[in-house]
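The sequence and the model come first, and the points follow by topic.

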Amino acid sequence: MRLFGHRVTILAMLGMAVIIINLVAAIGAPWIAPWDQAEIVGDAWGDPDADHVYVPLMGLDNLGRDLFSRLIYGARMSIGLSFIITCLSFAIGITTGFTAAVLKGWVDTALSRLVDLLLSMPTLIFAFIILSVLGTELPVLIVTIAILDSTKVFRLSRALAMNLAALEYVEVARVRGEGLWWVIRKEILPNAMAPLIAEFGLRFSFAFLFIAALSFLGLGIQPPDADWGSMVRDYRDMINLDSTAPLYPAGAIALLTIGVNFVVDWMLAIHSRSHGDG
Amino acid sequence: MSTLIIKHKETARLRPLLRLILQRLGLGFGTLLAASLLIFVGTEILPGDLASAVLQNSATPESLAEMRKELGLDRPAYVRYAEWLGNVAVGDFGHSLASHRDVVEEITPRLKNTVFLAVYAALLAVPLAIVLGLMAAIWQGGIYDRLVNFVTLLTISVPEYLVGYILIKYLSVRYAWFPSLANVTPDTPFGDRLVLTFLPVLTLTLVVVAHMMRMTRASVLNIMASPYIEMAFLKGLPKWQVVVRHAFPNALAPIINVIALNLAYLIVGVVVVEAVFVYPGLGQLMVDAVSKHDVPVVQAAGLIFAAAFILLNMTADILAIVSNPRLRHPR
Amino acid sequence: MTDIAGKSGRRAGGDILRVTDLRVEVRTDRGPGPVLVDNVSFDLKRGAVLGLIGESGAGKSTIGLTTLGYTRGGCYITGGALNFEGKDIRQMSGAERRALRGPGVAYIAQSAAASFNPSHTLMQQVCEIPVRHGIMSEDDASKEAVKLFRELELPNPDTFGNRYPHQVSGGQLQRAMAAMAMAARPDILVFDEPTTALDVTTQVEVLASFRKLIREHGTAAIYITHDLAVVAQIADHIMVLRHGKMVEYGTSDQILQDPRQDYTRRLVADRVAGHSFRADLNTGEAPILAVQNVVASYRSLAKVIDGVSVEVRKGDTVAVVGESGSGKSTLARVIIGLLPRQSGDILFQGQSLPPALANRSKDQLRRIQMIYQMPDVALNPNQTLLEIIGRPVQFYFGRSNAEVRTRVLELLRMMDLPEAFISRKPGELSGGQKQRVGIARALAAEPDLIICDEVTSALDQLVGEEILRLLKRLQDELGLAYLFITHDLGTVKRIANKVAVMLKGKLVAGGETSRVFAPPYHPYTELLLSSVPEMRSDWLDQVLTGRAKTIAAVKAAQIQVPG
């Protein structure tokens, strides 16, 4: 199989399959899931009521809800939220990064120092501090993580723009008298696309893992919304009874991250190859 | 007399290096100060002010005003920051809003536990990662390398709690080799501690080793591709000598960097792993404090984590400077 | 080590290396790749020097490395034999091969800066071969190294070895590498483009000390280079290679004076200065470009250009020559406006050009165009030739899409490029073709002046020659003026009617080429001129006599250069 004119490796194909399955689950949750995420269909950890034909794949949970259905609905929350966060952090990071690279001078210095400062602390710790005051409402979560995460996008896009701006073909365009916007749109952006898309994948998996970790610690998405991180938290005591319940949502988190990473790895490899050949 | 002159010359030659190191130390200290400001700003000036955070839903305008006064929030922010920083400098982090105990008292035993866990994990993970990474680099492209690459690509994306619960399910619940709860107390003897914390340490190790060895491998391979390595082979040196004499001294700086970077990552991992194994560490304390809006504890714990993070990064910078021959032997 | 008979036999005149039907191929995971070396055979006698010459991709470095039993990643020797003292290198065990490398055959690489380990002193690295192979004790090896440093005329030979690679200059490092290779008295030295990265004046000294070293020790050598004139100074025999195959083999004199193959003939002819492209002198009209006393620097550091004046008239080719660090490329950036000048003036068509790019009018920008050294980075890899060449047409003249297309096709034809290339991207073109696209893009603006910044130095000799020919033709047809920035005096002599010689940011000589390049010279011009290798085997000997005097004169003159 080929994509964008490049051979797709087996791992990349696996990764894409995982991503597609997750997307389908997230979008089509109400049609795919046998029960609603909040519907109580039987006793805690028991069997569902007899009038349902469907056999629960993973059993019922601590409140008697269907685990499999909750897992499907969880995809919605976890993936949707991470996607919004990543888009936001990209919007912030790319704008500031390109601005810093193009304007240089004090704007660049100020933005770079600010980012250094934000990165002087582990992201999780910084998030804790903000959440301790502002609480864990969804908008707070989204904006906090997006801003913290945008620091990395800022660094990448600034470096990319600076490297590209130093290339002679960009110089040619400037010497021709082209405007700044034209130079960015026609000469810089098309050549920065591949690393930026790969970075989007990486940032997505980071935001995804981050929000799952917060939920797992009880500081993320709050009930009754199903999301994978808080599902692990809800079911964690069952592990001592040799139950597999917490491993399903935790495994789902790992699977999607692995899938994204496989695709990102492939994209980075074709990018470096096409640049190595010159 | 002559030796004195030589010594003087020697220090003169080293001066740029010394200056760079002092610069880094200063920068590290400055960053710490900035981080403290950031923590203060984050907890005290953000729109949701501390008083309303503490009182939550029971807040009435009167009680809020009273609470503000009690917490000293009616005074200007920079005064409060200076006061807080001054107190922190002499080891006074104030009192917990939840337990009303002295924060230092509350934190000390927790911090000890966390340091124990982190150091234990680092001692296991660092040598393991370097040896595995070097092996992968030496047998680059071989079956071992490919296998290791695949496994690390898998584990790199796996969250700590999945690893933790898998370990608990199999090593603790099913086979009962290790305890699933790392419930240490201050009186737990050292030997018991090692056993009790083995599963959390193993979890941390597994997660960190993948990162660390992947980066070790990459930096060694990067060095191995340099022309002077080819030259060493063309001088007829056996492979192990090329690696030990020519590649290793140059790979040292990037490897040190990798270690520091991953130890900093370990700090975050600790928080999650402590939650999985219900380990009474600083991370757990901080998570509890966050959900209870216990700001003084959050500030103190945040500052400690930030300090550790900054210290590690600074150490990496300084070691990288020291191991750079261009800086050690200026023109 | 106990083979005394073999040792004593070393000085006899027999073959030390016999290579027969050598074949090297690339093997990848997906199967066999290109053949790098195909059916190459040669003998190397003790004490003899063989020159391997060819353009990039000729396989000459690959052959050099195989004599050490070494191939780079992915390459494999798939045929032939390499007999070293009667033993086939291909059949050797790993240990035997290691014993061969260093004491048997030693290697000198192109980039000494990259080939020395930055973490060890030069002495540690020079002594490594004799000590690690158990030939000498550490003390003996250091004494030997100091002796070699002295032979190679390195400064302070007794303490030179205590330095680290980054603490010495490029020319010194290259000589230190020769000492490193020589340390265990190898039977064969392999020189792989050892002077290519050096400045032309440094090259002469390094070349001379290499030759002295080989002659005094009677060591056999393989000398690999792309420069026929260089190899002629040092080699007894020359093998010309192309695309991994042997083209011609003969004594140096025969190759230079009586080349039998067409390819060799072209290589020789182009360098013998047979073809002069020099434009006629144009004195009548007012200058298009007049650079007057310009001073410029990067970020208020030391002046990179200091009081430079140059004039270009219609139909002129003015060459700005100098070695690395002379400020010649900076001059180009100042003229084009990328680096604003600090003082002085630049007149274009009689009008003063604003120092900064942003203040120049579209028409001013259009009339000065530039062609770059590296076509790879000067063309956007994501754009088709239509976009690359068509953009200036659209930008400056506001033509419709159809008109742009017609113009691009016309320009492609002028460049001798197929019209079908219009939809290709730079990645699908060869180096010479890319450079033609760069020229077409400059012409699309219909400029008066084109600045050519080292336009041939990244290209193979014959390809570069074609580009020069094309530029000359365009000049005749369109009446263009060129400002030619280059370090290659051989090219300058043939193409420029005027020349400006730069040294450390200052102009040391300038004017008509025939006058600047004729006695009485400025001492630096003389040094530069005498440093350009010529196609005769006695050139180096002649240059070396009286060179010390020239260098002293340059140093004296440098102080006198007006500030």
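In this predicted model, Val19(C) stands opposite Leu82(C) in E4(C). The two strands concerned, E1(C) and strand E4 (residues 75–84) of chain C, run antiparallel and are joined by eight bridges.

**Strand E1(C) and its other partner**
- Strand E1 (residues 15–28) of chain C also runs antiparallel to strand E2 (residues 31–45) of chain C, with nine bridges between them.
- Two residues make up the hairpin that leads from E1(C) to E2(C).
- Within this pairing, Leu44(C) in E2(C) lies opposite Leu17(C).

**The six-stranded sheet of chain C**
- An open sheet of mixed pairing is built from six strands of chain C, in the order E6-E7-E8-E3-E9-E10.
- Strand E6 (105–108) and strand E10 (245–251) of chain C are its edge strands, and each pairs on one side only.
- From one strand to the next, the twist averages 15°.
- Strand E3 (residues 49–53) and strand E9 (residues 237–242) of chain C are parallel and share four bridges.
- Gly51(C) has Ile238(C) in E9(C) as its bridge partner.
- Helix H9 (residues 170–182) of chain C packs on the sheet, where it touches E6 and strand E7 (188–192) of chain C.
- The direction of H9(C) makes about 170° with that of E6(C).

**A bent helix in chain B**
- Helix H11 (residues 239–276) of chain B has 38 residues, yet its end C-alpha atoms are only 44 Å apart, whereas a straight helix would reach 56 Å.
- H11(B) has a kink of about 55° at Phe248(B), shortly before the proline Pro249(B).

Note on methods:
Residues are numbered from 1 along each chain as its sequence is written. Chains are lettered from A and ligands numbered from 1 in the order in which they are written. This is a predicted model: local features need pLDDT of at least 70, side-chain atom pairs count only at pLDDT 80 or more; totals for chains, interfaces and linings use all residues. The expected span of a helix is 1.5 Å times one less than its number of residues. The bend at a residue is the angle between axes fitted to the seven residues ending there and the seven starting there. Two strands pair if DSSP finds at least two bridges between them. Axes are lines fitted to C-alpha atoms, for helices over the stretch in contact, and angles run from 0 to 180 degrees between N-to-C directions. Two residues are in contact if their C-beta atoms, placed from the backbone, lie within 7 Å.
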